[in-house]
Amino acid sequence: MSIFVDQHTRLMVQGITGKEGQFHTRQCVAYGTRVVAGVTPGKAGQKMDDIPVFNTVRDARAATGANASMIFVPPPFAAEAIMEAADAGIEMIVAITEGIPVMDMMRVKNYLATKTSRLIGPNCPGIITPGSCKVGIMPGPIHKPGGPAGVVSRSGTLTYEVVHQLTRQGIGQTTCIGIGGDPVNGTNFIDCLAAFQADPETRGIVMVGEIGGSAEEDAAAFIAAHVTKPVVGFIAGLTAPPGRRMGHAGAIVSGGSGTAQGKIAAMKASGIHVCENLGALGEMCAAVFK
Amino acid sequence: MKIHEYQAKELFRTYDIPVPKGGVAFTSGEAEKAARDLGGFPVVVKAQIHAGGRGKGGGVKLARSAEEVVRLAGEILGMTLVTHQTGPEGRKVGKVLVEQGLDIVQELYLSIIPDRASASIVIMASAAGGMDIEEVAARTPEKIVKVPVNPLIGLQSYHGREVAFGLGLPGGAMKPFLAMLGRLYKLFVDYDCSLLEINPLVVTRDEKVIALDAKVNFDDNALFRHKDLLAYRDLAEENPLEIEASKFNLNYIALDGNVGNMVNGAGLAMATMDIIQQAGARPANFLDVGGGASAEMVENGFRIILSDKNVKGILINIFGGILRCDVLASGVVQAARQTGISVPVVVRMEGTNVEEGRRILAESGLNLITAVDLKDAAQKVAQIVA
């Protein structure tokens, strides 16, 4: 079992003919993901390798039955690309693009509230069900199929670090999700925690957060009330100075709120096993999940 | 991106948002002229820096004569202003805003911010203007009116009424306040603001509503559609190394420790800073060279880290995923040769082709110390700078 993506995922790629789009589409295909279509306006009829390209998401969906989309469209047009996918009824939308204006994402989020589509990202590495389906830019080989750990994170390479440590401890993953480092995103910690709690194969959860906002505090409250599986947590940014954006648009301590210390305290109070030293996260998971 | 108060007020004027008459001055002579142009005293001399709390720090003064303007402007210009937002090192003042004094009967607080959790634009207002709003929020939250606006429908009249009645405005001020709020909201959306704050917003004896202060920040990710704002950038307000890094699209933030570090990815970079501190040393910077760092990025990163004279050791932490470790190792070696590295460098890399990468580093003949994992890396670099 897994959450959100599996062997039934039929993926289209918006922005498939760009440099990033091409490269990562090939990586996904090589991993075993069923990539059925690409979308680049004005390039209908062309092919990227064997994958047919369409002008619009609606055309691509009608012709191929795609039910998921991975978005590599540049920031000025990315919000529109998400809305186009949602409007065409795509169930799972994974937006990799970094640098979408907040105002655009606020409109997208309010629009998606009227739709059934699930958005992951933006500014994220994507989602992978190891051994089955990779929708994103994460390196496939560091993952280990079969569970028991579910991973959810706001980061990219930090997630790879965590997954690598799990794999080295012999702990496989059911699904790993990067929810993105932007202040306004689609799927949040709570959505993933609820799905992992409901997934029988997931027996433990790793949650990787960082400074900024209150998503980790909200997640901690949810865990206390609804999650019975063990959760190991990590928060990046203990040493981040206040008022500065630490690379991710959403990673900022403002006016004393959104601090790593506050998040760690909230997580501990909710019974989460908080790992304060990244170097020891794999070992801690091995001890907690055994 | 942050701008100065005088620039924010320029922007306000283009939206017909009432602000006091005033002019910016770089010398005390210019300040005197700006004061005389206002045609009367008292006037207010305000330090222009990218930080709040200027009044408490001694950067805002009332002047009753031209002579006083010259004296006060002379004192403020060139001073190092320390406020709760500047940090203990303070900020050097290079310009002042000289404004007419107003006959104020009420001071209010008004701000517009994007709320990340609800994806709405929130208007916050309080009758307790002129105070530190975070203090008001903590002590007397009932004194703050909060009205969320769904960006899909935009500001409606009822939103404005909720704010205005919540503030208990005097009757005559109601209409100008509502008109002003509409314009502020428009400016906020038009320019992709990440913060618009007026503290205080004042009601004058003749029931005019005027933005006595103006603080506006913009979403960096939206600057591509606001090229006109780039003229407002003030390099004197930024760290020189951060300016240099931004030229190469490197995400660099200067800190005050002595362990330079270079990492691919923002989350991992923060976690690396944390682990340096946990090992007993202090990070000199945050530097994210991007999820797929190239040799060129690594080289520029090296140069910038080494221009910080406090740096006594460097930790490179790269998780090679799509980008293989052997390619990265070659990049590090090439960059180290070209830059001429003067301090010990600990390299921790992990991921695809890591053995080959470590071999390249070991055989380079350079003073590169290989670490087996994160803990090991942090301990090694902490020992070097101890």
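## Basis of the description

Residues are numbered from 1 along each chain as its sequence is written, while chains are lettered from A and ligands numbered from 1 in the order in which they are written. Because the model is predicted, local features need pLDDT of at least 70 and side-chain atom pairs count only at pLDDT 80 or more, whereas totals for chains, interfaces and linings use all residues.

## Chain B as a whole

Chain B holds 12 helices and 18 strands, where helices (H or I, at least four residues) and strands (E, at least two) are DSSP runs numbered from the N terminus. Its C-alpha trace spans about 80 × 50 × 40 Å along the principal axes. Of its 386 residues, 48% count as buried, a residue being buried if 20 or more other C-beta atoms, placed from the backbone, lie within 10 Å of its own, exposed if 12 or fewer do, and partly exposed in between.

## The contact between chains A and B

In this model 50 residues of chain A are in contact with 45 residues of chain B, contact meaning that the C-beta atoms of two residues, placed from the backbone, lie within 7 Å. On the side of chain A that touches chain B, α3 (75-87), α4 (102-112) and α5 (157-168) each supply at least two residues, and α4(A) gives the most, with seven. By class, that side has 26 nonpolar, 18 polar and six charged residues; here Ala, Val, Leu, Ile, Met, Phe, Trp, Tyr, Cys and Pro count as nonpolar, Asp, Glu, Lys and Arg as charged, and the others, Gly among them, as polar.

Across the two chains, the axes of α5(A) and α8(B) (residues 266-278) come within 5 Å and cross at roughly 70°, the axes being lines fitted to C-alpha atoms, for helices over the stretch in contact, with angles running from 0 to 180 degrees between N-to-C directions. The two helices are therefore roughly perpendicular to each other, since angles of 65 to 115 degrees count as such, those under 35 as roughly parallel, those over 145 as roughly antiparallel and the rest as oblique. A:Thr157, A:Leu158 and A:Glu161 of α5(A) meet B:Gly267, B:Leu268 and B:Ala271 of α8(B).

## Helices within chain A

The axes of α3(A) and α4(A) lie 9 Å apart at an angle of about 10°, which makes these helices roughly parallel. The residues of their contact divide into eight nonpolar, no polar and two charged.

In α6(A) (residues 189-198), the buried residues are A:Phe189, A:Cys192, A:Leu193, A:Ala195 and A:Phe196. Seen down the helix axis they fall within an arc of 165°, so they line one face of α6(A); the arc is that of the directions from the helix axis to the C-beta atoms. The elements that cover them include β10 (148-153), β11 (172-178), β12 (204-210) and α7 (215-226) of chain A.

## Nonpolar cores

A nonpolar core is a set of buried Ala, Val, Leu, Ile, Met, Phe, Trp, Tyr and Cys residues joined through C-beta atoms within 7 Å. The largest has 199 residues, and those with the most contacts inside it are A:Ile71 and A:Ile82; α8(B) gives the most to this core, with eight residues. Apart from it lies another core, of 23 residues, including B:Ala31, B:Ile49, B:Leu72 and B:Leu77.
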